[in-house]
Amino acid sequence: MMETPLPDLEAILLVGGRGTRLRPMTLGTPKPLLPTAGVPFLAHQLARARAFGVRRIVFATSYRAEMFSEAFGDGEAFGLALEYMTEEIPLGTGGAIRNAAEALTCGPDDPVLVLNGDILSGHDIGEQVATHVARGAAVTLHLTEVEDPSRFGCVPTDEEGRVTAFLEKTPNPVTNRINAGCYVFTRSVIDTIPAGEVVSVERETFPGLIEDGALVLGYADASYWLDVGTPAAFVKGSRDLVLGRLASPALPGPTGDFLALPGAMISPEAKVSGGSVIGARAIVESGAQISGSVLGDDCVVHSGAVVVDSVVGIGARVNSGAILRDVVLGDGAVVGSGNELLAGSRVWPGVVLPEFAIRFSSDI
């Protein structure tokens with residue numbers, strides 16, 4: 001993973017977002033706490049940071065802040081010391097980093113790792129930090145390569161790795177490298193961000209540093225990277241962790257075709273595959289087909305139902321013969337027999353769809 005441990009490295013974890021694109025999953029749970037491959041999403045980030053030698057992490061919280069301390073406490077279970085800094089009003093990425101920095105203990109010349117609470121990444125954090133320190137950079141950004149950079153702002157660099165600009169979304173990007181959301185700051189640079197103000201590092205801090213001639217580096221690689229901000233991406237992230245496409249020390253079982261949590265009951269006549277997670281005490285009856293999906297605790301998928309690339313909420317029920325493809329089913333919702341939900345359908349918690357209420361095709 002890396003050669004040089006980083007025992008003194010402190011990190012800030014940005015977890016203040018509301019996760020609106022993931023509703024209804026985030027109506028009661030912040031996005032970074034959603035069950036992903038059997039554990040809260042952030043557990044994968046915390047375990048991975050610790051594997052690289054990080055021992056102290058400050059959470060930058062806003063939305064439902066109390067739920068993070070309830071979930072992770074002081075961090076002892078992860079071998080980490082965790083602190084929590086809450087914004088009374090959301091301060092943007094820069095303001096959140098500045099606010100959380102009040103709880104840091106490192107000196108002005110020390111590197112500080114900043115992680116985003118909605119990113120899965122396989123890149124070498126240790127190498128990114130080592131590059132930052134060796135070059136004496138103000139900030140070093142992880143850059144990832146994507147097939148379609150027109151959907152993102154792109155980040156061009158010169159031949160020495162110096163970031164030359166932050167470009168907004170454009171039909172003709174000059175590079176396929178984008179900001180991957182993991183930064184290494186020199187502590188004194190964080191202290192230059194105005195305190196208590198709404199600041200964007202992407203639109204204000206980074207461009208301002210470049211304009212002032214500070215060394216802003218890009219650490220570019222092509223390792224696994226995923227922003228889990230949409231339901232389809234969330235399902236893919238969970239699936240990839242279970243299948244072992246991205247290693248995680250927090251995975252609560254071996255990698256494979258599926259992960260069954262304690263108390264799950266899966267009929268030998270059911271077909272479960274594609275990196276699916278079957279929640280604690282969930283029931284999958286004979287003849288049911290589950291592929292690439294996340295099934296919440298205590299849910300039931302009855303015989304003959306088909307669930308593909310979908311999320312089934314806690315205590316939800318999918319009745320016999322129902323079909324779900326690319327669907328989010330809220331907690332406690334019920335899909336009656338004969339329903340066919342496709343193409344990004346979202347069913348809010350507690351909703352009951354009677355038999356044959358919704359179909360996308362006439363075949364029954």
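I call a residue buried when it has under 20% relative accessible area, exposed when over 50%, and partly exposed in between (1.4 Å probe, protein chains only). I'm working on a predicted model, where local features need pLDDT of at least 70, side-chain atom pairs count only at pLDDT 80 or more, and totals for chains, interfaces and linings use all residues. Residues are numbered from 1 along each chain as its sequence is written, and side-chain values use heavy atoms, with hydrogens and water left out.

**Entry: Asp221**

I started with Asp221, which sits in strand β10 (residues 216-221). My helices (H or I, at least four residues) and strands (E, at least two) are DSSP runs, numbered from the N terminus. Asp221 is buried but has no salt bridge. For a salt bridge I want a side-chain nitrogen of Lys or Arg within 4 Å of a carboxyl oxygen of Asp or Glu. Counting Lys and Arg as positive and Asp and Glu as negative, with His and the chain ends not counted, I found the nearest side chain of opposite charge to be Arg48, 7.7 Å away. What Asp221 does have is a side-chain polar contact with the side chain of Ser223, at 2.7 Å. That term takes a pair of N or O atoms within 3.5 Å; within protein, one must be able to donate a hydrogen and the other to accept it, and residues adjacent in sequence count only if both atoms are side-chain atoms.

**Entry: helix α1**

Arg48 is one of the buried ones, along with others including His44 and Gln45. Just after α1, I noted a positive phi of about 100 degrees at Gly53.

**Entry: strand β1**

All five residues of β1 (residues 10-14) are buried. One side carries Glu10, Ile12 and Leu14, and the other carries Ala11 and Leu13. I count two strands as paired if DSSP finds at least two bridges between them. Ile12 has Val114 as its bridge partner in β6 and stands opposite Val58 in β4.

**Entry: the five-strand sheet**

Next I traced an open sheet with parallel pairing, in the order β14-β17-β20-β23-β26. β14 (271-273) and β26 (340-341) are at the edges with a single partner strand each, so one side of each has no neighbour in the sheet. Between β20 (residues 306-308) and β23 (residues 323-325) I see three bridges, with Val308 opposite Arg325.

**Entry: salt bridges**

My count is ten salt bridges. In one of them, Asp240 meets Lys236, with the closest N and O atoms 2.9 Å apart. These two are four residues apart in helix α7 (residues 231-243), so about one helical turn separates them. Asp240 is buried at 0% relative accessibility, whereas Lys236 is partly exposed at 33%.

Arg239 pairs with Asp309 at 3.0 Å between the closest N and O atoms. This pair links distant parts of the chain, 70 residues apart: Arg239 is in α7, and Asp309 is in the loop between β20 and β21 (311-312). I also logged a network in which salt bridges with shared partners join Glu10, Arg56 and Glu83.
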